[in-house]
Amino acid sequence: MSIKDKACIVGAYEHPTRYAPDKSVAQLHAECAAGALADAGLDKDDIDGYFCAGDAPGLGPMSMVDYMNLRVTHVDSTDIGGSSYVALVAHAAQAIAAGKCNVALITLAGKPRSSGMATGTAPRPGNPDQPDLEWEFPYAPATVNMYAMAAMRHMYEFGTTSEQLAWIKVAASHHAQHNPHAMLRDVVTVEQVLGSPVVADPLHRLDCCVISDGGGALLVTRPEIAKSLKRPVVRVLGAGEAVKGQLGGKVDLTYSGAAWSGPLAFKEAGVTPESIQYASIYDSFTITVLMQLEDLGFCKKGEGGRFVMDGNLISGVGKLPFNTDGGGLCNNHPANRGGITKVIEAVRQLRGEAHPAVQVPGCALALAHGTGGSLGTRHGSATLILERT
Amino acid sequence: MTETHQTPRAIAATLRQPESAAFQQAATQGQFSIPRCQHCGQTHWYPRALCPFCFSPDIQWESATGLGTIYSYTVMRRAKPAYAIAYVQLEEGPIMMTNIVQCHFDELHIGMPVKVGFELAANDTWVPVFSPAP
(Lines give C-alpha, C1' and ligand atoms only; values in the text may rest on other atoms or scores of the structure.)
Protein backbone atom coordinates (compact mmCIF):
# COMPACT_ATOMS: atom_id res chain seq x y z
CA MET A 1 0.00 0.00 0.00
CA SER A 2 1.32 3.43 -0.93
CA ILE A 3 0.61 6.65 0.99
CA LYS A 4 0.60 8.64 -2.24
CA ASP A 5 -2.40 11.00 -2.29
CA LYS A 6 -3.84 9.42 0.88
CA ALA A 7 -3.19 12.36 3.20
CA CYS A 8 -2.70 16.13 3.26
CA ILE A 9 -1.03 18.59 5.62
CA VAL A 10 -3.70 21.10 6.63
CA GLY A 11 -2.16 22.75 9.67
CA ALA A 12 1.38 24.00 10.24
CA TYR A 13 2.60 26.19 13.07
CA GLU A 14 6.03 27.27 14.27
CA HIS A 15 6.09 28.75 17.76
CA PRO A 16 7.46 32.31 17.58
CA THR A 17 9.52 31.96 20.76
CA ARG A 18 13.22 31.19 20.68
CA TYR A 19 13.69 31.64 24.45
CA ALA A 20 11.02 30.40 26.83
CA PRO A 21 12.23 30.19 30.44
CA ASP A 22 8.71 31.04 31.62
CA LYS A 23 6.95 28.15 29.87
CA SER A 24 6.84 24.41 30.52
CA VAL A 25 7.75 21.94 27.77
CA ALA A 26 4.24 20.46 27.85
CA GLN A 27 2.82 23.98 27.54
CA LEU A 28 4.97 24.64 24.47
CA HIS A 29 3.72 21.39 22.87
CA ALA A 30 0.10 22.41 23.55
CA GLU A 31 0.60 25.99 22.33
CA CYS A 32 2.02 24.58 19.09
CA ALA A 33 -0.99 22.25 18.77
CA ALA A 34 -3.36 25.18 19.30
CA GLY A 35 -1.50 27.18 16.67
CA ALA A 36 -1.78 24.37 14.11
CA LEU A 37 -5.50 23.93 14.84
CA ALA A 38 -6.12 27.66 14.30
CA ASP A 39 -4.09 27.51 11.08
CA ALA A 40 -6.15 24.59 9.78
CA GLY A 41 -9.53 25.77 11.04
CA LEU A 42 -10.05 22.58 13.04
CA ASP A 43 -11.08 22.02 16.68
CA LYS A 44 -9.18 20.14 19.36
CA ASP A 45 -11.91 17.49 19.42
CA ASP A 46 -11.32 16.76 15.73
CA ILE A 47 -7.93 15.24 16.61
CA ASP A 48 -8.01 11.43 16.82
CA GLY A 49 -4.35 10.60 16.23
CA TYR A 50 -1.30 11.88 18.13
CA PHE A 51 2.34 11.64 17.06
CA CYS A 52 5.41 12.74 18.99
CA ALA A 53 9.05 11.76 19.58
CA GLY A 54 11.67 11.83 22.33
CA ASP A 55 11.24 15.51 23.16
CA ALA A 56 7.69 14.95 24.44
CA PRO A 57 7.89 15.13 28.23
CA GLY A 58 7.15 12.21 30.52
CA LEU A 59 5.82 9.11 28.85
CA GLY A 60 5.46 10.72 25.43
CA PRO A 61 1.98 10.15 23.99
CA MET A 62 0.49 9.16 27.35
CA SER A 63 1.65 12.34 29.07
CA MET A 64 0.80 14.67 26.20
CA VAL A 65 -2.56 13.11 25.26
CA ASP A 66 -3.51 13.47 28.92
CA TYR A 67 -2.16 17.07 29.20
CA MET A 68 -4.10 18.17 26.10
CA ASN A 69 -7.07 15.95 27.05
CA LEU A 70 -7.38 14.33 23.63
CA ARG A 71 -9.40 11.27 22.69
CA VAL A 72 -7.30 9.32 20.21
CA THR A 73 -7.56 6.03 18.32
CA HIS A 74 -3.91 5.95 17.23
CA VAL A 75 -0.57 7.05 18.72
CA ASP A 76 3.03 6.82 17.50
CA SER A 77 6.20 7.91 19.29
CA THR A 78 8.88 6.81 16.84
CA ASP A 79 12.12 8.49 17.86
CA ILE A 80 14.80 8.88 15.22
CA GLY A 81 16.12 12.15 16.61
CA GLY A 82 15.58 15.34 14.68
CA SER A 83 14.36 13.44 11.62
CA SER A 84 11.42 11.99 13.59
CA TYR A 85 8.87 14.63 12.59
CA VAL A 86 9.52 14.17 8.88
CA ALA A 87 8.97 10.44 9.33
CA LEU A 88 5.93 11.05 11.53
CA VAL A 89 4.15 12.85 8.67
CA ALA A 90 4.54 9.63 6.68
CA HIS A 91 3.44 7.53 9.66
CA ALA A 92 0.38 9.75 10.06
CA ALA A 93 -0.41 9.28 6.36
CA GLN A 94 -0.06 5.51 6.80
CA ALA A 95 -2.41 5.51 9.78
CA ILE A 96 -4.94 7.65 7.88
CA ALA A 97 -4.69 5.43 4.79
CA ALA A 98 -5.30 2.38 6.99
CA GLY A 99 -8.35 4.00 8.56
CA LYS A 100 -6.82 4.19 12.02
CA CYS A 101 -7.39 7.94 12.44
CA ASN A 102 -8.71 10.95 10.53
CA VAL A 103 -6.93 13.99 11.96
CA ALA A 104 -3.36 13.43 13.12
CA LEU A 105 -1.52 15.91 15.33
CA ILE A 106 2.30 15.97 15.40
CA THR A 107 4.08 18.14 17.99
CA LEU A 108 7.64 19.01 18.95
CA ALA A 109 8.87 21.37 21.67
CA GLY A 110 11.78 21.90 24.02
CA LYS A 111 13.89 24.39 25.95
CA PRO A 112 17.60 23.63 25.46
CA ARG A 113 18.47 27.35 25.27
CA SER A 114 16.91 28.53 28.51
CA SER A 115 18.19 25.45 30.33
CA GLY A 116 21.76 26.38 29.30
CA MET A 117 22.35 23.14 27.44
CA ALA A 118 25.72 22.77 25.67
CA THR A 119 23.94 20.90 22.91
CA GLY A 120 26.72 20.20 20.48
CA THR A 121 29.90 20.37 22.50
CA ALA A 122 29.22 18.40 25.68
CA PRO A 123 29.51 14.62 25.50
CA ARG A 124 26.19 13.27 26.76
CA PRO A 125 25.86 9.65 27.89
CA GLY A 126 22.70 7.96 26.73
CA ASN A 127 20.96 5.08 28.42
CA PRO A 128 23.58 2.99 30.32
CA ASP A 129 22.57 -0.05 28.27
CA GLN A 130 23.05 1.71 24.93
CA PRO A 131 25.19 -0.93 23.19
CA ASP A 132 27.82 1.42 21.76
CA LEU A 133 28.26 3.39 24.97
CA GLU A 134 31.22 1.63 26.55
CA TRP A 135 33.08 1.49 23.22
CA GLU A 136 32.60 5.17 22.41
CA PHE A 137 31.70 7.37 25.36
CA PRO A 138 35.16 7.13 26.98
CA TYR A 139 36.51 9.03 23.93
CA ALA A 140 34.21 12.03 24.58
CA PRO A 141 32.16 12.01 21.39
CA ALA A 142 29.89 15.06 21.23
CA THR A 143 27.52 16.08 18.48
CA VAL A 144 29.87 18.52 16.77
CA ASN A 145 32.98 16.33 16.70
CA MET A 146 31.10 13.43 15.14
CA TYR A 147 29.83 15.67 12.31
CA ALA A 148 33.32 17.13 12.06
CA MET A 149 34.74 13.69 11.30
CA ALA A 150 32.24 13.31 8.46
CA ALA A 151 33.34 16.71 7.12
CA MET A 152 37.03 15.81 7.46
CA ARG A 153 36.57 12.59 5.49
CA HIS A 154 34.48 14.35 2.83
CA MET A 155 37.26 16.89 2.35
CA TYR A 156 39.82 14.09 2.08
CA GLU A 157 37.82 12.05 -0.44
CA PHE A 158 36.43 14.82 -2.63
CA GLY A 159 38.48 17.95 -2.02
CA THR A 160 35.57 19.76 -0.39
CA THR A 161 36.70 23.02 1.25
CA SER A 162 35.72 25.10 4.27
CA GLU A 163 34.85 27.94 1.86
CA GLN A 164 32.32 25.70 0.13
CA LEU A 165 30.75 24.67 3.44
CA ALA A 166 30.59 28.35 4.43
CA TRP A 167 28.41 29.10 1.38
CA ILE A 168 25.65 27.02 2.99
CA LYS A 169 25.62 29.30 6.03
CA VAL A 170 25.79 32.37 3.80
CA ALA A 171 22.69 31.22 1.88
CA ALA A 172 20.79 30.51 5.12
CA SER A 173 21.65 33.97 6.43
CA HIS A 174 20.37 35.62 3.25
CA HIS A 175 17.01 33.98 3.95
CA ALA A 176 17.00 34.62 7.70
CA GLN A 177 17.28 38.39 7.24
CA HIS A 178 13.62 38.36 6.15
CA ASN A 179 12.37 36.26 9.10
CA PRO A 180 11.52 38.47 12.10
CA HIS A 181 11.57 35.44 14.41
CA ALA A 182 15.01 34.17 13.32
CA MET A 183 17.70 34.06 16.03
CA LEU A 184 20.44 35.23 13.65
CA ARG A 185 19.21 37.79 11.12
CA ASP A 186 22.49 39.33 9.98
CA VAL A 187 23.71 38.38 6.52
CA VAL A 188 27.17 36.81 6.82
CA THR A 189 29.98 36.34 4.32
CA VAL A 190 32.20 33.35 3.60
CA GLU A 191 35.03 35.26 5.30
CA GLN A 192 32.97 35.75 8.45
CA VAL A 193 32.20 32.02 8.65
CA LEU A 194 35.87 31.15 8.19
CA GLY A 195 36.84 33.80 10.73
CA SER A 196 34.61 32.38 13.46
CA PRO A 197 36.36 30.17 16.03
CA VAL A 198 37.01 26.52 15.13
CA VAL A 199 34.90 24.31 17.39
CA ALA A 200 36.08 20.94 16.05
CA ASP A 201 38.26 20.83 12.91
CA PRO A 202 37.13 21.67 10.26
CA LEU A 203 33.84 23.07 11.61
CA HIS A 204 33.66 26.69 12.75
CA ARG A 205 31.16 28.20 15.11
CA LEU A 206 29.15 29.51 12.15
CA ASP A 207 29.05 26.03 10.59
CA CYS A 208 26.82 25.03 13.52
CA CYS A 209 23.07 25.54 13.99
CA VAL A 210 21.55 27.70 16.71
CA ILE A 211 20.39 26.43 20.10
CA SER A 212 16.79 27.54 20.60
CA ASP A 213 13.71 27.00 22.73
CA GLY A 214 10.44 26.58 20.90
CA GLY A 215 8.52 24.04 18.90
CA GLY A 216 6.13 23.35 16.10
CA ALA A 217 3.08 21.33 15.16
CA LEU A 218 1.51 19.78 12.07
CA LEU A 219 -1.96 18.47 11.31
CA VAL A 220 -2.38 15.70 8.74
CA THR A 221 -5.76 14.54 7.49
CA ARG A 222 -7.52 12.70 4.68
CA PRO A 223 -8.03 14.52 1.35
CA GLU A 224 -11.84 14.77 1.73
CA ILE A 225 -11.47 16.67 5.02
CA ALA A 226 -8.62 18.77 3.61
CA LYS A 227 -10.80 19.93 0.71
CA SER A 228 -13.54 21.04 3.13
CA LEU A 229 -11.14 23.44 4.91
CA LYS A 230 -10.33 26.95 3.77
CA ARG A 231 -6.58 26.47 3.37
CA PRO A 232 -4.47 25.52 0.32
CA VAL A 233 -4.15 21.73 0.16
CA VAL A 234 -0.67 20.22 0.50
CA ARG A 235 -0.64 16.54 -0.44
CA VAL A 236 1.82 13.90 0.73
CA LEU A 237 3.25 12.37 -2.45
CA GLY A 238 5.91 10.06 -1.11
CA ALA A 239 8.19 9.29 1.81
CA GLY A 240 11.20 7.22 2.73
CA GLU A 241 13.03 6.45 5.95
CA ALA A 242 16.25 4.74 6.93
CA VAL A 243 18.73 4.27 9.75
CA LYS A 244 22.43 4.21 8.94
CA GLY A 245 25.08 3.26 11.47
CA GLN A 246 28.64 1.99 11.50
CA LEU A 247 27.85 -1.08 9.39
CA GLY A 248 29.45 -3.50 11.83
CA GLY A 249 32.77 -1.67 11.62
CA LYS A 250 32.77 -1.07 7.86
CA VAL A 251 32.34 2.63 8.67
CA ASP A 252 31.73 4.85 5.61
CA LEU A 253 31.36 8.53 6.43
CA THR A 254 31.08 9.62 2.81
CA TYR A 255 27.33 9.14 2.58
CA SER A 256 24.28 9.45 4.82
CA GLY A 257 21.01 7.56 5.20
CA ALA A 258 19.53 10.01 2.69
CA ALA A 259 21.10 7.81 0.02
CA TRP A 260 18.58 5.16 1.10
CA SER A 261 15.52 7.17 2.19
CA GLY A 262 15.68 9.61 -0.73
CA PRO A 263 15.22 7.09 -3.57
CA LEU A 264 12.32 5.45 -1.69
CA ALA A 265 10.54 8.82 -1.44
CA PHE A 266 11.17 9.78 -5.07
CA LYS A 267 9.96 6.37 -6.24
CA GLU A 268 6.74 6.56 -4.26
CA ALA A 269 6.11 10.14 -5.37
CA GLY A 270 6.91 9.36 -9.01
CA VAL A 271 9.08 12.45 -9.37
CA THR A 272 12.81 13.16 -9.74
CA PRO A 273 15.19 15.54 -7.91
CA GLU A 274 15.27 17.79 -11.00
CA SER A 275 11.57 18.59 -10.59
CA ILE A 276 11.85 19.76 -6.94
CA GLN A 277 11.29 23.54 -6.75
CA TYR A 278 12.08 24.02 -3.05
CA ALA A 279 14.01 21.85 -0.58
CA SER A 280 14.07 21.90 3.21
CA ILE A 281 17.36 20.22 4.07
CA TYR A 282 18.32 19.40 7.65
CA ASP A 283 21.04 21.81 8.70
CA SER A 284 22.38 20.86 12.10
CA PHE A 285 25.75 21.72 10.53
CA THR A 286 26.78 22.90 7.08
CA ILE A 287 28.26 19.47 6.30
CA THR A 288 24.86 17.88 6.98
CA VAL A 289 23.34 19.93 4.14
CA LEU A 290 26.16 19.21 1.71
CA MET A 291 26.02 15.44 2.16
CA GLN A 292 22.22 15.29 2.01
CA LEU A 293 22.15 17.27 -1.24
CA GLU A 294 24.48 14.69 -2.79
CA ASP A 295 22.68 11.70 -1.31
CA LEU A 296 19.23 12.95 -2.37
CA GLY A 297 20.48 13.28 -5.94
CA PHE A 298 20.51 17.07 -6.34
CA CYS A 299 24.11 16.68 -7.52
CA LYS A 300 26.58 13.83 -7.93
CA LYS A 301 28.46 12.36 -4.96
CA GLY A 302 31.50 14.47 -4.26
CA GLU A 303 30.20 17.51 -6.13
CA GLY A 304 28.25 19.00 -3.24
CA GLY A 305 30.97 21.54 -2.57
CA ARG A 306 30.76 22.98 -6.05
CA PHE A 307 26.94 22.76 -6.02
CA VAL A 308 26.46 24.99 -2.96
CA MET A 309 28.89 27.73 -4.03
CA ASP A 310 28.08 31.19 -5.31
CA GLY A 311 24.62 31.38 -3.80
CA ASN A 312 23.18 28.34 -5.56
CA LEU A 313 20.95 27.69 -2.52
CA ILE A 314 19.67 31.29 -2.24
CA SER A 315 16.06 31.82 -3.29
CA GLY A 316 15.83 34.00 -6.39
CA VAL A 317 19.55 33.60 -7.05
CA GLY A 318 20.44 29.93 -7.29
CA LYS A 319 19.13 26.73 -8.80
CA LEU A 320 17.84 25.12 -5.60
CA PRO A 321 16.27 27.43 -2.99
CA PHE A 322 16.70 25.80 0.43
CA ASN A 323 15.62 26.57 4.02
CA THR A 324 13.99 29.88 3.17
CA ASP A 325 13.09 30.47 6.85
CA GLY A 326 16.82 30.65 7.66
CA GLY A 327 16.84 27.00 8.74
CA GLY A 328 18.53 25.62 11.82
CA LEU A 329 21.68 27.51 10.93
CA CYS A 330 20.03 30.92 11.49
CA ASN A 331 16.36 30.66 12.43
CA ASN A 332 15.39 27.91 14.83
CA HIS A 333 16.39 24.42 16.03
CA PRO A 334 13.77 23.83 18.72
CA ALA A 335 14.54 21.06 21.21
CA ASN A 336 17.75 20.41 19.23
CA ARG A 337 15.49 18.76 16.66
CA GLY A 338 14.86 20.51 13.38
CA GLY A 339 12.62 18.08 11.54
CA ILE A 340 9.31 19.81 12.11
CA THR A 341 10.52 23.25 10.99
CA LYS A 342 11.72 21.61 7.79
CA VAL A 343 8.19 20.43 7.01
CA ILE A 344 6.61 23.72 8.15
CA GLU A 345 8.70 25.86 5.76
CA ALA A 346 7.98 23.44 2.90
CA VAL A 347 4.25 23.87 3.62
CA ARG A 348 4.65 27.66 3.65
CA GLN A 349 6.36 27.54 0.26
CA LEU A 350 3.69 25.29 -1.26
CA ARG A 351 0.92 27.54 0.07
CA GLY A 352 2.70 30.62 -1.26
CA GLU A 353 2.96 31.90 2.32
CA ALA A 354 6.73 32.18 2.66
CA HIS A 355 8.17 35.69 3.02
CA PRO A 356 7.75 37.45 -0.36
CA ALA A 357 11.50 38.01 -0.55
CA VAL A 358 12.16 34.24 -0.46
CA GLN A 359 8.94 32.77 -1.88
CA VAL A 360 9.62 30.46 -4.83
CA PRO A 361 7.23 31.62 -7.60
CA GLY A 362 4.57 29.01 -8.35
CA CYS A 363 6.05 26.50 -5.93
CA ALA A 364 4.11 23.28 -6.45
CA LEU A 365 6.59 20.51 -5.57
CA ALA A 366 8.80 20.51 -2.47
CA LEU A 367 11.00 18.15 -0.50
CA ALA A 368 11.68 18.05 3.24
CA HIS A 369 14.48 15.93 4.61
CA GLY A 370 15.68 15.20 8.13
CA THR A 371 18.85 13.69 9.55
CA GLY A 372 18.55 12.84 13.25
CA GLY A 373 21.19 11.67 15.68
CA SER A 374 24.78 11.76 14.49
CA LEU A 375 26.11 11.68 10.96
CA GLY A 376 29.40 10.33 12.35
CA THR A 377 27.97 7.36 14.23
CA ARG A 378 24.32 6.42 13.74
CA HIS A 379 21.48 8.50 12.42
CA GLY A 380 17.88 8.42 11.31
CA SER A 381 17.01 9.69 7.87
CA ALA A 382 13.58 10.71 6.62
CA THR A 383 12.55 12.16 3.26
CA LEU A 384 9.14 13.61 2.42
CA ILE A 385 7.87 14.88 -0.92
CA LEU A 386 4.90 17.25 -0.91
CA GLU A 387 2.75 18.79 -3.65
CA ARG A 388 0.28 21.66 -3.77
CA THR A 389 -2.98 20.69 -5.42
CA MET B 1 52.07 27.33 18.83
CA THR B 2 51.37 23.69 18.11
CA GLU B 3 48.83 22.27 20.48
CA THR B 4 49.75 18.93 21.95
CA HIS B 5 47.71 16.20 23.56
CA GLN B 6 47.87 16.57 27.31
CA THR B 7 47.77 13.39 29.28
CA PRO B 8 46.06 12.12 31.22
CA ARG B 9 42.54 13.27 30.36
CA ALA B 10 39.98 11.97 32.82
CA ILE B 11 38.10 9.15 31.06
CA ALA B 12 34.44 8.78 31.93
CA ALA B 13 33.34 5.50 33.45
CA THR B 14 30.60 3.62 31.62
CA LEU B 15 28.67 0.50 32.45
CA ARG B 16 30.61 -2.52 31.16
CA GLN B 17 28.41 -5.14 29.51
CA PRO B 18 29.08 -8.91 29.71
CA GLU B 19 30.02 -8.70 26.01
CA SER B 20 33.24 -6.83 26.87
CA ALA B 21 34.51 -9.14 29.63
CA ALA B 22 36.91 -11.04 27.33
CA PHE B 23 38.28 -7.79 25.95
CA GLN B 24 38.93 -6.44 29.44
CA GLN B 25 40.58 -9.67 30.55
CA ALA B 26 43.03 -9.57 27.62
CA ALA B 27 43.65 -5.84 28.14
CA THR B 28 44.72 -6.55 31.71
CA GLN B 29 47.59 -8.53 30.15
CA GLY B 30 48.30 -5.60 27.80
CA GLN B 31 46.78 -7.48 24.87
CA PHE B 32 44.47 -5.76 22.36
CA SER B 33 41.90 -8.21 21.04
CA ILE B 34 39.07 -8.11 18.53
CA PRO B 35 36.03 -10.35 17.94
CA ARG B 36 35.88 -12.66 14.93
CA CYS B 37 32.86 -14.65 13.78
CA GLN B 38 33.70 -18.36 13.46
CA HIS B 39 30.83 -18.85 11.01
CA CYS B 40 31.44 -16.17 8.36
CA GLY B 41 35.05 -15.43 9.33
CA GLN B 42 34.61 -11.65 9.56
CA THR B 43 35.84 -9.36 12.31
CA HIS B 44 33.60 -6.56 13.51
CA TRP B 45 33.50 -3.52 15.77
CA TYR B 46 32.09 -2.48 18.26
CA PRO B 47 32.06 -5.98 19.75
CA ARG B 48 28.78 -7.88 19.91
CA ALA B 49 27.62 -11.33 21.05
CA LEU B 50 25.97 -11.90 17.67
CA CYS B 51 27.88 -11.32 14.42
CA PRO B 52 26.49 -8.15 12.79
CA PHE B 53 26.97 -9.73 9.35
CA CYS B 54 25.57 -13.28 9.66
CA PHE B 55 23.98 -13.19 13.14
CA SER B 56 25.96 -16.24 14.29
CA PRO B 57 26.53 -16.36 18.06
CA ASP B 58 29.85 -18.16 17.49
CA ILE B 59 32.19 -15.25 18.24
CA GLN B 60 35.80 -15.78 19.34
CA TRP B 61 38.21 -13.12 20.54
CA GLU B 62 41.65 -13.08 18.96
CA SER B 63 44.80 -11.05 19.48
CA ALA B 64 45.17 -8.18 17.06
CA THR B 65 48.30 -6.36 15.95
CA GLY B 66 47.11 -3.09 17.43
CA LEU B 67 48.26 -1.32 14.28
CA GLY B 68 46.07 0.80 12.05
CA THR B 69 45.65 4.04 10.16
CA ILE B 70 43.50 7.10 10.80
CA TYR B 71 40.24 6.93 8.77
CA SER B 72 39.01 10.31 10.01
CA TYR B 73 39.66 12.54 13.00
CA THR B 74 38.95 15.91 14.54
CA VAL B 75 40.49 17.99 17.30
CA MET B 76 37.89 19.28 19.74
CA ARG B 77 39.37 22.80 20.02
CA ARG B 78 36.43 24.04 22.05
CA ALA B 79 37.20 21.66 24.94
CA LYS B 80 39.76 22.56 27.60
CA PRO B 81 42.04 20.72 27.30
CA ALA B 82 41.52 20.04 23.61
CA TYR B 83 41.47 16.38 22.56
CA ALA B 84 41.65 14.39 19.34
CA ILE B 85 38.90 11.89 18.52
CA ALA B 86 39.20 9.60 15.53
CA TYR B 87 38.11 6.56 13.61
CA VAL B 88 41.04 4.20 13.17
CA GLN B 89 40.99 1.40 10.60
CA LEU B 90 42.65 -1.61 12.16
CA GLU B 91 45.07 -3.74 10.16
CA GLU B 92 42.51 -6.55 10.54
CA GLY B 93 39.80 -4.44 8.85
CA PRO B 94 37.27 -2.94 11.25
CA ILE B 95 37.11 0.80 11.85
CA MET B 96 36.81 1.82 15.51
CA MET B 97 36.27 5.06 17.39
CA THR B 98 39.15 6.10 19.64
CA ASN B 99 41.27 8.98 20.88
CA ILE B 100 44.65 9.83 19.40
CA VAL B 101 46.99 10.59 22.30
CA GLN B 102 50.65 11.58 22.70
CA CYS B 103 50.54 13.50 19.46
CA HIS B 104 50.90 16.98 18.02
CA PHE B 105 47.41 17.90 16.87
CA ASP B 106 48.58 19.70 13.76
CA GLU B 107 50.50 16.62 12.55
CA LEU B 108 47.43 14.39 12.51
CA HIS B 109 46.17 13.37 9.08
CA ILE B 110 43.98 10.79 7.42
CA GLY B 111 46.07 7.74 6.56
CA MET B 112 48.51 8.33 9.44
CA PRO B 113 49.83 5.04 10.90
CA VAL B 114 48.95 4.60 14.58
CA LYS B 115 49.43 1.96 17.26
CA VAL B 116 47.30 0.97 20.22
CA GLY B 117 47.88 1.65 23.90
CA PHE B 118 45.66 1.50 26.96
CA GLU B 119 44.40 4.14 29.35
CA LEU B 120 42.48 3.51 32.54
CA ALA B 121 38.94 4.87 32.89
CA ALA B 122 37.55 6.18 36.16
CA ASN B 123 36.06 2.77 36.98
CA ASP B 124 39.41 0.95 36.48
CA THR B 125 38.50 -0.53 33.13
CA TRP B 126 40.85 -0.40 30.12
CA VAL B 127 40.20 1.90 27.21
CA PRO B 128 42.14 1.34 23.95
CA VAL B 129 43.63 4.56 22.56
CA PHE B 130 46.07 5.15 19.71
CA SER B 131 49.19 7.22 19.17
CA PRO B 132 51.31 7.90 16.07
CA ALA B 133 53.35 4.81 15.14
CA PRO B 134 57.09 5.36 14.78
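This is a predicted model: local features need pLDDT of at least 70, side-chain atom pairs count only at pLDDT 80 or more; totals for chains, interfaces and linings use all residues.

Two residues are in contact if their C-beta atoms, placed from the backbone, lie within 7 Å. On that basis, the contact takes 27 residues from chain A and 32 residues from chain B. On the chain A side, helix H4 (133-136), helix H5 (143-158) and strand S5 (198-200) each give two or more residues; helices (H or I, at least four residues) and strands (E, at least two) are DSSP runs, numbered from the N terminus. The largest share of that side, six residues, comes from H5(A).

Residues are numbered from 1 along each chain as its sequence is written, while chains are lettered from A and ligands numbered from 1 in the order in which they are written.

Let me turn to chain B. Its secondary structure comes to one helix and seven strands, and from the N terminus on the order is α-β-β-β-β-β-β-β. Along its principal axes, the C-alpha trace of chain B spans about 50 × 30 × 25 Å. Among contacts in chain B between residues at least 6 apart in sequence, 53% join residues at least 24 apart. Of the 134 residues of chain B, 37% count as buried, that is, with 20 or more other C-beta atoms within 10 Å of their own C-beta.

Definitions and conventions: A residue is buried if 20 or more other C-beta atoms lie within 10 Å of its own, exposed if 12 or fewer, and partly exposed in between; C-beta atoms are placed from the backbone.
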